[in-house]
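Please look over the structure shown below before reading on. The dialogue is meant to be followed with the structure in view.

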There are 2 protein chains.
Amino acid sequence: MDSRRSSKSLNERRSLRTRISSNPAPYITRKIGTFDILDEESLSLIERSADRILSEVGIEVRNDPVSLKIFKDSGAYVQGERVRFETGFCRSVINNSAPSEFLQCARNPARTVKFGGNSIVFSPAYGAPFVSALDIERRYARMSDFNDIIKLAHMSPYFHHSGGTVCEPTDIDVSNRHLDMVRSHILYSDKPFMGSVTSEQRARDTLTMTEIVFGKDFISENCCTMGLININSPLVLDGTMLGALRAYSSANQCCVVTPFVIGAAAGPMSPAGTLAQALAEVLAGVTLTQLVRPGSPVIFGYLSTGLNMKSGAPVRYDETWKCFLAAGQLARRLNIPFRCGSSTTSAKLPDYQAGLETALNFKSALMAGTHFFIHASGSTEGGLCFDFDKLILDSDMLGMAERFVKGFNVDVDTLCFEDIKDVGPGGNFFTSKHTLKNYRDGYFLPEVLDSQTFEQWAESGSKNSAELAMLKRKDLLNKYEPPAIELAMKDELNDFVERSRKV
Amino acid sequence: MDSRRSSKSLNERRSLRTRISSNPAPYITRKIGTFDILDEESLSLIERSADRILSEVGIEVRNDPVSLKIFKDSGAYVQGERVRFETGFCRSVINNSAPSEFLQCARNPARTVKFGGNSIVFSPAYGAPFVSALDIERRYARMSDFNDIIKLAHMSPYFHHSGGTVCEPTDIDVSNRHLDMVRSHILYSDKPFMGSVTSEQRARDTLTMTEIVFGKDFISENCCTMGLININSPLVLDGTMLGALRAYSSANQCCVVTPFVIGAAAGPMSPAGTLAQALAEVLAGVTLTQLVRPGSPVIFGYLSTGLNMKSGAPVRYDETWKCFLAAGQLARRLNIPFRCGSSTTSAKLPDYQAGLETALNFKSALMAGTHFFIHASGSTEGGLCFDFDKLILDSDMLGMAERFVKGFNVDVDTLCFEDIKDVGPGGNFFTSKHTLKNYRDGYFLPEVLDSQTFEQWAESGSKNSAELAMLKRKDLLNKYEPPAIELAMKDELNDFVERSRKV
């Protein structure tokens with residue numbers, strides 16, 4: 001252990017973490033309901049079909065004898081790599097121990113977020129190998145891009161979470177990439193973050209770095225990082241992902257277990273079939289987290305797309321919206337937090353299509369009762385590219401969404417009867433009592449979206465929204481200041497990264 | 001009466017109208033629910049506040065002694081131009097006679113639409129004095145633009161209605177404009193249309209032209225056109241609009257009674273106050289239609305915006321979404337069809353902002369249970385401009401929406417259990433039984449939105465969505481063919497237009 005890390009500094013760190021902040025809540029508390037697209041009977045049919053899939057077809061656990069043994073020891077029926085479950089077994093394991101809500105601690109305790117219940121958490125896009133912007137011709141992403149995204153997400157009031165692999169920094173060797181990424185989250189932001197999942201060892205490195213920040217004892221009792229565990233639909237859980245799953249769950253850290261079903265390819269073409277298969281996949285993956293460590297935090301993840309039957313490209317249209325809504329219902333019935341797709345688009349640029357598809361998908365996720373939005377902003381090309389201008393533009397939508405899900409009060413004050421009476425027919429409310437009292441925050445004030453008249457807009461250079469976003473981004477990055485961090489913690493982190501780096 | 005119009009041709013026209021079509025339904029039948037943002041108590045509070053506004057503040061009827069007399073004769077309390085109503089009076093008048101749903105006939109009977117119940121009807125934008133497109137620098141709209149919009153809406157499978165003043169043809173004198181607009185609807189489309197509301201006489205001219213198409217007897221019994229009656233919020237109903245209202249209602253044609261409340265200006269800043277005031281305004285306007293002719297078709301219209309408190313510009317963000325949802329609930333409680341804002345944006349171009357705002361607003365209107373979408377496509381600058389490319393791009397969203405509101409079935413067939421079993425873990429569904437049976441229409445196929453890979457897209461010229469829309473528009477206009485119309489009807493219409501034209 002690094003000699004500079006005294007027990008005193010650890011205590012100081014802990015006291016910092018528990019200090020109550022005077023800042024606004026670091027995540028959104030939803031006050032409006034969800035949109036339930038399916039009735040009770042339809043939901044039960046999907047659940048029963050998922051149970052049949054788990055008992056009659058089963059899932060395949062590839063290249064992971066450890067997970068196979070865990071499943072076998074729990075009573076599951078294991079034949080080679082195929083695992084089948086008795087009807088109701090997975091649901092019962094999950095119901096017995098998976099938490100319905102939990103906190104993920106941030107190194108700045110004022111930024112600790114809650115998953116589940118009425119909470120909503122936004123984070124930037126995940127996993128794009130490419131980046132683009134008005135002033136960046138589309139190219140492979142670099143570590144400097146990764147850092148910029150973390151900085152921008154740190155500065156934004158609309159991101160509650162720093163995300164994970166916000167882009168793939170392809171200029172760093174894959175065996176070391178996770179070290180630089182996790183360090184970037186810790187140094188350039190003080191919001192909660194996700195770690196690496198590309199191997200069990202890389203997940204363990206993430207956990208070690210998280211321990212450096214939070215202290216070993218603290219993280220054994222508290223969720224301080226998480227891993228995004230994808231399932232290889234249909235019905236395959238591979239050893240790489242499961243190694244990471246076991247690392248996170250055994251350390252009491254969160255797994256976001258997420259099938260990604262491309263309809264008519266990796267799953268049936270119908271929403272009902274897609275949902276039944278995905279539910280079976282989630283049930284198996286989440287069950288493993290609870291068998292590894294009962295009570296460990298876990299999130300019901302869900303992604304599905306349709307397919308353009310002419311081009312063979314995945315598309316996110318009405319079928320995707322419907323599936324998000326129904327998957328949200330299935331997650332609530334399982335009583336664990338929910339994550340699904342969100343601000344995604346097939347567009348290659350932040351053009352009209354990109355805005356349209358982003359909003360349609362995002363709003364579906366919002367109505368679905370999603371707790372964790374991993375792709376809340378920045379994603380183009382169906383996730384293959386991270387567009388910096390889109391990151392900024394989507395943020396305004398997140399700001400509106402925050403206000404939207406808070407609903408509105410109807411009472412004597414808000415009904416404004418006296419104002420309406422005082423103003424009378426044909427009058428105006430510019431200086432009515434309610435307006436004067438509320439004008440500062442009565443309406444959302446976007447940072448980039450333009451509401452000027454055509455003439456004002458033309459005078460200020462006829463800029464389209466990507467141009468306005470580029471200016472805003474440059475301004476933000478110029479103003480960026482890293483959040484405070486203890487020197488000892490920073491040194492220890494850097495030591496670990498350099499020591500672990502493979503050459 | 002024109003001598004060429006024989007009773008035989010009239011009968012022929014009628015038989016044409018009642019012929020059963022083999023085409024798909026000419027409007028959407030919604031199968032999913034609505035999103036109810038307010039609880040019973042909040043809705044009652046808004047309704048009671050609207051009642052207090054009507055009884056204690058009242059509405060002002062400007063420059064219209066005829067309407068004042070109608071109100072007075074009905075028992076309302078009239079002082080000068082101020083009209084007050086006893087608590088519950090308006091609601092009682094409306095409940096007694098306003099239809100909860102009705103048909104609007106199209107000259108092609110296969111295109112007759114239903115308003116109310118589970119129906120949804122889309123039409124293009126309304127009222128823009130300007131037009132723009134990638135190849136049209138923003139300028140005042142012309143009659144040729146108007147015709148092009150009607151043609152494009154006629155060709156689109158996603159518009160059920162031809163709209164009304166889809167743009168303002170400023171090259172035609174205001175005193176004659178309505179004649180050319182109504183004729184354009186009738187000649188270039190066979191979908192239902194709206195008429196003129198800029199004066200009582202122009203509304204009457206609309207009715208005469210509608211009679212030429214449908215026959216006098218037929219239109220006295222059936223809704224064949226409609227007028228968009230705006231209220232001058234706060235609480236003013238002016239004589240011009242009321243003249244048109246009386247013309248349409250007395251002819252048993254539909255009025256869409258629509259307050260347009262700009263919060264903190266034409267109404268209170270809070271959603272609750274905005275809704276209470278707008279409800280009072282709708283109640284007064286709709287009551288007048290029922291006093292003029294009990295049972296005449298009428299629609300509960302609703303538009304509201306927030307205000308950018310820095311620039312003073314109207315904005316349509318979270319407050320607008322909330323108000324759409326709550327207004328839909330108020331309309332359902334009043335049991336008459338509902339119309340609210342939809343695909344609107346403050347953007348000056350079809351850029352990212354335009355797509356984002358359009359989709360966010362549209363989807364709110366969709367979840368609100370809106371029956372009639374007047375601005376379903378094409379609108380920019382908050383309604384001041386009609387963008388041709390946006391018309392095309394929005395259409396794809398309408399296609400997705402149509403599929404979305406139909407929901408999905410969960411049954412043995414759609415759960416695809418046998419397919420999932422046959423394919424097994426790690427397989428693919430490209431040729432599974434369900435896919436082969438459903439691949440043609442299992443997923444929505446957009447006309448413009450691009451889902452190619454980056455490489456395919458780059459090879460085909462790296463076109464943004466506005467460029468793709470422009471190509472599609474030009475292709476459509478090249479292919480346009482006017483719907484069949486009887487020569488006698490066309491001649492009679494042209495005669496009327498020329499005879500009525502003021503020089």
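Predicted model: local features only at pLDDT ≥ 70, side-chain atom pairs only at ≥ 80, totals over all residues.

Q: How is the packing of two helices described?

A: Two packed helices are described by the angle between their axes and by the distance between those axes. In this model, helix 2 (residues 40–57) of chain B packs against helix 10 (residues 271–292) of chain B at an angle of about 55°, and their axes are 8 Å apart.

Q: Are helix 2 of chain B and helix 10 of chain B parallel or oblique to each other?

A: Angles under 35 degrees count as roughly parallel, and 65 to 115 as roughly perpendicular. Helix 2 of chain B and helix 10 of chain B are therefore oblique. Their crossing is right-handed.

Q: Which residues make the contact of these two helices?

A: Helix 2 of chain B contributes B:Ile46, B:Glu47, B:Ser49, B:Ala50, B:Ile53 and B:Leu54. From helix 10 of chain B come B:Ala272, B:Leu275, B:Ala276, B:Gln277, B:Leu279, B:Ala280, B:Leu283 and B:Ala284. Sorted by class, this contact holds 11 nonpolar, 2 polar and 1 charged residues.

Q: At what angle do helix 7 of chain B and helix 9 of chain B cross?

A: Helix 7 (residues 200–214) of chain B and helix 9 (residues 239–250) of chain B cross at roughly 25°, and their axes come within 7 Å. The two helices are therefore roughly parallel to each other, and their crossing is right-handed. On the side of helix 7 of chain B, the contact is made by B:Glu200, B:Ala203, B:Arg204, B:Thr206 and B:Leu207. Helix 9 of chain B supplies B:Gly243, B:Ala244, B:Arg246, B:Ala247 and B:Tyr248. The contact residues divide into 5 nonpolar, 2 polar and 3 charged.

Q: How are two copies of a chain related?

A: Two copies of a chain are related by a rotation about an axis and a shift along it.

Q: Through what surface do the copies meet, and what area is buried between chain A and chain B?

A: Of the interface residues of chain A, 100% are also interface residues in chain B, so the copies meet through the same surface. Chain A gives 118 residues to the contact and chain B gives 118 residues. About 10,000 Å² is buried between chain A and chain B, with carbon and sulfur atoms giving 72% of that area. Within chain A, the most area is lost to chain B by A:Tyr352, A:Phe408 and A:Tyr443, together 10% of what that side buries.

Conventions
Residues numbered from 1 in each chain as written. Chains lettered and ligands numbered in written order. Heavy atoms only, no water. Axes fitted to C-alpha atoms, helices over the stretch in contact; angles between N-to-C directions. Helix = DSSP H or I, 4+ residues; strand = E, 2+ residues; numbered from the N terminus. Parallel < 35°, antiparallel > 145°, perpendicular 65-115°, else oblique. Left-handed = near helix turned anticlockwise from the far one by under 90°. Contact = heavy atoms within 4.5 Å. Nonpolar A, V, L, I, M, F, W, Y, C, P; charged D, E, K, R; others polar. Buried area = accessible area lost by both parts, 1.4 Å probe.
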